[in-house]
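Subject: Structure handover

Hello,

My notes on it follow below.

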Amino acid sequence: MRAAVIVFPGSNCDRDMATALTAAGLDVTMVWHKDTELPAGLDLVALPGGFSFGDYLRCGAIAANSPICRSVKAHAERGGFVLGVCNGFQILAETGLLPGALLRNAGLKYICRTTPLNVATENSIYTSAYTKGALINIPIAHHDGNYTADPETIARLQDEDRVAFTYAENPNGSAQDIAGVLSANRRVLGMMPHPERAADARHGGTDGAPFFAHLTQALASA
């Protein structure tokens, strides 16, 4: 199984993501944002956390217009799997691959801590390692993680079972406590919390390890 991790100027979780994917059995290639084509035969594209382009303009807005993002969009539109974490989620929203926007935290401060998440659905390759309603502890580290969308979009996400995770203790003001959402075909996931930072016991927690282990198994049979 093969994955690509996209690297932007200001990415700082790209190696964490690559390490977690490699530990789960994926062959990982790092792809620079100025490249125009993804490697052939990919099973997954991952957009990591960080502060692409210094978060100028809007978080993820400049990165979403990088040359490689045209190929990422084409990969997703062909039915490929795409994972965006933190800044990666912001980029996916800016590309239009996921609905809504990530705004400044309600408290107007950067937040960095482990937070409890509710698994809102089992029905995706990203969440099927967990039981719906399970509580997992995953780190967050963001200044602009306040998920916002119009009421119709929020209702559609809920009605279509496309909310992947919710905050048990909302840290940033996100609408309906939303921490992660899925695309209509359930193959694109954007989430603000960092499962790659909870995939190794040496980092203080392993609640993110099943996320990656089961993802690899699910990709193999997708």
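The protein chain has 222 residues, for which a compact globule would have a radius of gyration near 17 Å; the value here is 16 Å, which agrees. That radius is taken over C-alpha atoms, and the globule rule is 2.2 Å times the number of residues to the power 0.38. The C-alpha trace spans about 40 × 35 × 35 Å along its principal axes.

Please note that this is a predicted model: local features need pLDDT of at least 70, side-chain atom pairs count only at pLDDT 80 or more, and totals for chains, interfaces and linings use all residues. Residues are numbered from 1 along each chain as its sequence is written, and side-chain values use heavy atoms, with hydrogens and water left out.

The protein chain contains five helices and eleven strands (DSSP runs numbered from the N terminus: H or I of at least four residues for helices, E of at least two for strands). Of contacts (heavy atoms within 4.5 Å) between residues at least 6 apart in sequence, 73% join residues at least 24 apart.

Buried residues account for 54% of the 222, where buried means under 20% relative accessible area with a 1.4 Å probe, protein chains only.

After H3 comes Gly-96, which has a positive phi near 90°.

Regards

Technical notes. Buried means under 20% relative accessible area, exposed over 50%, partly exposed in between (1.4 Å probe, protein chains only).
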